[in-house]
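Here is a walk through a structure, taken one topic at a time. Keep the 3D view open and follow along.

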Protein chains: 2
Amino acid sequence: MTAPCGFEADGRRCVLRSPLAMPHASTFLWNRRMLLQLGCRGYATAQFMQPEPAKYAHAPVLEARTFMQPEQPTYAHHPGRFCYVKDEDAGLLFSAPHAPVNRRPDAFAFSVGVADVEWTVRCDGIEVAMSVALPPDDVAELWTIRVRNRSGRARRLSLYPYFPVGYMSWMNQAGRYRADLGGIVCTSVTPYQKVEDWFRQRDFLDRTVLLHDRAPAAWEANQAAFEGEGGLTTPDAIVSRARLACGDALYETPTAVLQYPLELLPGAEESFRFVFAPARDDAGIKALRARHLGAGGFERAASGQQARLSAARGCIEVETPDPWFDAFVNHWLPRQVFYHGDSNRLTTDPQTRNYLQDHMGMAYLDPQAARAALLRALSQQAPEGAMPDGILLVEGAQLKYINQVPHTDHCVWLPVFLEAYLDETGDLAVLDVAVADRDGTTRSVAERIDLAMRWLLVQRDGRGLSYIAQGDWCDPMNMVGWKGRGVSGWLSLASAHALRLWAGICRRCGRDPEAGEFAAGAQAFNAAVNEWLWDGDWYARGITDDGVVFGARHDAEGRIYLNPQSWALLSGAADDERRARMVAAVEAELASPWGVAMLGPPYTGMREDVGRLTQKFPGSAENGAIYNHAAAFWMHALYRVGDADRAWRTLRAMLAGPDADDCIRRGQLPVFVPNYYRGAWRLHPRTAGRSSQLFNTGTAAWMYRCTVESLFGLRGDGDGLRIAPQLPSHWSRARALRRFRGAEFDVRIGRESGIAATRVHVDGTPLPDGRLAGIEAGRRYRVEVRLPEVGEVG
Amino acid sequence: MTAPCGFEADGRRCVLRSPLAMPHASTFLWNRRMLLQLGCRGYATAQFMQPEPAKYAHAPVLEARTFMQPEQPTYAHHPGRFCYVKDEDAGLLFSAPHAPVNRRPDAFAFSVGVADVEWTVRCDGIEVAMSVALPPDDVAELWTIRVRNRSGRARRLSLYPYFPVGYMSWMNQAGRYRADLGGIVCTSVTPYQKVEDWFRQRDFLDRTVLLHDRAPAAWEANQAAFEGEGGLTTPDAIVSRARLACGDALYETPTAVLQYPLELLPGAEESFRFVFAPARDDAGIKALRARHLGAGGFERAASGQQARLSAARGCIEVETPDPWFDAFVNHWLPRQVFYHGDSNRLTTDPQTRNYLQDHMGMAYLDPQAARAALLRALSQQAPEGAMPDGILLVEGAQLKYINQVPHTDHCVWLPVFLEAYLDETGDLAVLDVAVADRDGTTRSVAERIDLAMRWLLVQRDGRGLSYIAQGDWCDPMNMVGWKGRGVSGWLSLASAHALRLWAGICRRCGRDPEAGEFAAGAQAFNAAVNEWLWDGDWYARGITDDGVVFGARHDAEGRIYLNPQSWALLSGAADDERRARMVAAVEAELASPWGVAMLGPPYTGMREDVGRLTQKFPGSAENGAIYNHAAAFWMHALYRVGDADRAWRTLRAMLAGPDADDCIRRGQLPVFVPNYYRGAWRLHPRTAGRSSQLFNTGTAAWMYRCTVESLFGLRGDGDGLRIAPQLPSHWSRARALRRFRGAEFDVRIGRESGIAATRVHVDGTPLPDGRLAGIEAGRRYRVEVRLPEVGEVG
């Protein structure tokens, strides 16, 4: 169920040994211009930007365009990349990787690298290896297919690479083999009805090509002719004919199938290369061929992409008692963090809160990119200080979908981003950078954040609580305050936290009046929340337009929400007694074998005064799921209040769900942290813990930040480094290599009996306050950290 | 290839005997609220209105909503209605009607009635009959499945009705068996993001149910669990298990599969009834069950629907030398005409030209409906006389898709509609009806049509030709005049025709000043077209924004368009010499074995000064296809100029393409006239003649009108009936029963040697001018028509 758990770690690769054990296991590759999601059975989803997300391999129907969905179901004709193999003598048929024939393989490996994916599939002595990588700058998939005869006897085979292209366009679609271009070329025209759309679309890459390095004996470009009565499991064109019919598709669903007859002696191997890509015209296709199928093309692409991904190396390498965690933190987590900042989730208008949090993660990998993102976001600030619902990334982009719905939390993320960015970089100079907005008004970063904070202070009701409008961080809470009166408990606490962070930064910069103003604002928010929303054991989620407090003990569903508790820890709203009650309530009401749910009990029907959230399926995404982004806030807050064990349990559940122990024992590994695991475990035990398989999530950035700053306690602090690890109590030691401000820190952490507090030595010298100042770039520091034995903390 | 040809006529049913011969053969059922398109293999597309078109059985992906597409490709998981049969002893598996198992049947019949569809499928001695009908007022499919043992030995079987429900919603979807409701209930929530959408959607029928009359032994509501590794061809749940697992779908793709174990003695039969429908809640489901699965429910629905469809009886019944044509005109054609007027093509904003032409057809079936449509259309006229691009049919509807693109021809269709409506009804009183528009201004119908005609006269350039804006009748000609200068030759001729028709009506009503004004306007249009667009052998299609004449001899592609020629015959623009040249040019340039193409040669690439048309696939829809709606104008024009043989050939090609003779010989029949057959026969001979399978087309109304008015020559004329048949020369006789203004006319037509002109007798009395006045409602007239022998016309 908890699908990302289950890969075997094998150096920097992760390997899955069966297509049956985890049929939905998947991974993703991306480059500057595209994203390729690959399931272990060969199903695939590819997107690129022109400038909106576009596809070159389609479903067999007119598909609706939408944001990336979790738990996408596959079906026989789902887009994918496959290779049929027919034994010409025995008639045996199978397909690599697994679908569409679904023949049970004798051996199988779905091997996921940082920049490539490879399958090895063996049926009846024939081994097929399929691998794919992306070049750094092209929208193109580079495929290698190798066939090896491991059967010990000579074999006559036909190999049929099959790259379905699907329903390209109702206006115009066709496919045919082009010997002059060396492959199958499928053409289409993106449908349009308005003249202005033509000018926007005229240069679209409306063709899809499968180019080969070796000419095939036959081919088929017509999907229906390929399948015949046999369908995809036993296509007529393969099963009933010796050779493909070399057909074309004329305003019919095109496809790309090639046939290579092979005679393989025992041990012999043949290898083929293909480029699968969108293109605009013949010239573009020729250029693709020259670039990638010419000598050394694939190798050049691989080294280029490798160089690009070196930014995903991260700022830390760790060694802990959990080798699976080491592999995840050292390779997979920074890769996922980098993906977010690098690709902006393949949208032209990322939600402002996502954009800022994704680039909060980038602060640890590529601080310049993070800085640029902050400046870009601020350049789109409204004159009165509000941040827009989304940040436009390309000329002519528009706010779409959810970004057309007013949310009131976007300003909060500026100080949250800045805290991490400044800690990591010490770049206080960024606060003085002048940023012009679209009206041409220029203000410094600091002035713009002042404005944003004042906007938060203005958007309060008479009680001093933040209006929610049609949503805050929780998008689908869209009817709490649409009439303009409802308020958000979480947002009030988040505003308090943001104001407090900003007040602290102002104070450090000598902006004392502002520091005082914002610290007072934070206090006011905290006081208001304590007055109106403390519910006895936890903080309520908000108050609706009609004055109904919700997320409170009188509710049968949605009684407690995680976020207000997490942010009450961060904002300082909760005193010690309340803190203890809240933590106990979260344990009692939200903790599950699969992690901490975002709210509970899940809603089972519409509450018109809450909105869309309550219409979501219980256990899906926000409605009662283990929503990892919310769990990450909880983890962060627990670390900030020093609850290291509970924080670690939260972190570990995010990675592997209930089978974490089992996975660790078997050395299995997730390759990304998904945005949620299904919750509603009492209501729907069968599906609880199932992964969304969706790798777009702010969780990655928070998990990285917490690992660096809190778990390993290597957090920037002004011009220095504060060293205060918070290992879980069952770890007796850990080691980290931390890159920070141009220096390297070789950090060894152990426990020592008889000490009451953590002791830090740097290059043998004690560091009484745990803070190292005056860091010299280029220098390598040796850091020893001794933690008190568990139970001996003073 | 020409799919509608191929059914065997069997009384009022049409039967197809193989799922392999015409895999795309399809038909449709509809009632007041829904449409069900059924392919012979069991694939199905259902739509209903709430108020926009909605679905209750979905594709396996998020499907894009679009207008009804031609030539929709199917694939294994396409929505459909199926029944698996497993022999419990022999392990044999097949599915009725054919998909998804696709086992070659021993016997097969796809039998299409006016109000029901039935399949009979026999495999290995087991006969399955599946039939479906719709109730008159409910969105519900009423299915009967009968299984009969024809094998002569006792059999143990399991029957698995399988109704895939598909991907209902990304927000919320589930499915489970509800014993209390008697069936599988799949739930979902239509996704929305904006608060205002919730109020529009809260009452949507978001559930899909399969209700049974007999409780099953087991069931499955989870699509993935049903298929397992075997997929749809050999589902694990059927092949690997004795009983379905009684599973549910929890935020997973739901499905509806039931299992009935049967022990059948030789000759024994079992019968099952099911209701497949959308519903809102439990109460709605109970009501569906009570209404349709209670005693006599199916029978009540059938008689109700039959009563409703009696309006599709039409105004004529014919008997000709072509029995297939008789069946088509007597049953299938009026059914298709009625479908258009009754359902308005399942849209809330039909294009104005479609709406008026569809209701032109209704003039012959249900004149009151036609009259109401005219008044509704005029109530949406703009103050300056322009007709809108679409007619809004429900409160809150909006102009969508193509109706947001400005077209300039909509006014033309008012007199075209009126000519037919007034001829058929004599209802001149309609011209005095006061029609209020949305501004509250009230004008009579006649005044509104005056306004519309004057708008056509105003929308001319300095040459006196009609501006085209972003399109006229040919929607995708969207870039000829988008800059505001380009003109349409066809529209100028159509305006001339419309003005002439309206002038004639005005004259009949004693509105002589208006008659003079509009007759002069018509002449001016004709003169301008003759001056600027006569190209030597035909009329050009138009002049672009940049002054380029197109659809003319200097063009390599799109050299000649059919519509300007047809309408030049109607408008009177062409003198005898030009008429002869035009007809010859159409024969030479546009005629093909499959009928008359809309333009030729087809475009093979974008012409930016013509637009979207040139991006359409050659042979698809407008670009060089046998576009039947355009062919119908040609037919109508040919009849109007007395070219009966050429008109008949055009008509016959519209029905059966190149295989017409063959179909006639075999007694085969189309069940609807499709909107096009693929053209581009020189460029793409493989696909030329293929039917679009799309039954939405103005062709039906025009074909009915021409059959009644011209072929049989029984056309209203003021308060009388004008009798002037135009039989094709190879017909020596024909007979018709014509219902007209409450009277019945039993018309026998024959040829006689030695006469120079047609002679008509009514009840034995000669009718010298062929016009019968003073018709008495309730009376039955005996009409004898003697035509000159071919070659003897004077």
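**From the interface to the backbone**

Across the interface of chain A and chain B, 32 residue pairs are in polar contact, both residues at pLDDT 80 or more. The model is a predicted one. On the side of chain A that touches chain B, the elements giving two or more residues are β14 (173–178), α1 (195–201) and β18 (249–250) of chain A. The largest share of that side comes from α1(A), with three residues.

How many salt bridges are counted between chain A and chain B? The count is 10. One pair to look at is R686(A) and E252(B), whose side chains meet in a salt bridge of 2.9 Å, N to O.

Now take the contact as a whole. Chain A gives 64 residues to it, and chain B gives 64 residues. The size of an interface is often given as the accessible area lost when the parts come together. Here chain A and chain B bury about 5,700 Å² between them. Of that area, 57% is on carbon and sulfur atoms. Which residues of chain A lose the most area to chain B? They are Q193(A), E229(A) and Y251(A). Together they account for 13% of what that side buries.

Next come the aromatic rings. Over all chains, the structure holds 90 aromatic pairs. Start with Y192(A) and W198(A). Their ring centres are 5.5 Å apart and their planes stand at 35 degrees, so this pair is tilted. A pair counts as stacked if its planes are under 30 degrees apart, and as edge-to-face if they are over 60. Both Y192(A) and W198(A) are buried. In chain B, F272(B) and F274(B) form a stacked pair, with 6.5 Å from centre to centre and 15 degrees between the planes. F272(B) and F274(B) are both buried too.

Rings can also link up into a cluster. In chain A, ring pairs join F48(A), Y56(A), F110(A), W119(A), W143(A), F163(A) and F276(A) in this way.

R460(A) lies over the face of F525(A), 4.9 Å from the ring centre. In chain B, the charged end of R335(B) sits over the ring of F28(B), at 4.9 Å from its centre.

Turn to K400(B). Where does K400(B) lie? Its place is the loop between α8 (367–378) and α9 (413–425) of chain B. Leaving out residues up to four places away in sequence, K400(B) touches E52(B), T348(B) and D349(B). With T348(B), the side chain of K400(B) makes a polar contact of 2.9 Å. A630(B) is 230 residues from K400(B) along the chain, and their C-alpha atoms are separated by 24 Å.

Finish with the backbone. A cis peptide bond joins A99(A) and P100(A), with omega about -5 degrees. P100(A) is in the loop between β8 (93–96) and β9 (107–112) of chain A. In chain B, a cis peptide bond joins A96(B) and P97(B), again with omega about -5 degrees. P97(B) is in the loop between β8 (93–96) and β9 (107–112) of chain B.

Two residues of chain B deserve a look for their phi. A621(B) is not a glycine, yet its phi is positive, about 45 degrees. A621(B) lies in the loop between β31 (599–600) and β32 (626–627) of chain B. Is A621(B) buried or exposed? Its relative accessible area is 9%, so A621(B) is buried. R741(B), also a residue other than glycine, has a positive phi near 50 degrees. R741(B) is found in the loop between β37 (733–740) and β38 (743–752) of chain B. With a relative accessible area of 25%, R741(B) is partly exposed.

Terms used
Residues are numbered from 1 along each chain as its sequence is written. Chains are lettered from A and ligands numbered from 1 in the order in which they are written. This is a predicted model: local features need pLDDT of at least 70, side-chain atom pairs count only at pLDDT 80 or more; totals for chains, interfaces and linings use all residues. Side-chain values use heavy atoms; hydrogens and water are left out. Rings of Phe, Tyr and Trp (its six-membered ring) pair if their centres lie within 6.5 Å; planes under 30 degrees apart count as stacked, over 60 as edge-to-face and the rest as tilted. Buried means under 20% relative accessible area, exposed over 50%, partly exposed in between (1.4 Å probe, protein chains only). A charge sits over a ring if NZ of Lys or CZ of Arg is within 6 Å of the ring centre and within 35 degrees of the ring normal. Contact means heavy atoms within 4.5 Å. Buried area is the accessible area (1.4 Å probe) that two parts lose on being put together, summed over both. A salt bridge is a side-chain nitrogen of Lys or Arg within 4 Å of a carboxyl oxygen of Asp or Glu. A polar contact is a pair of N or O atoms within 3.5 Å; within protein, one must be able to donate a hydrogen and the other to accept it, and residues adjacent in sequence count only if both atoms are side-chain atoms. Helices (H or I, at least four residues) and strands (E, at least two) are DSSP runs, numbered from the N terminus.
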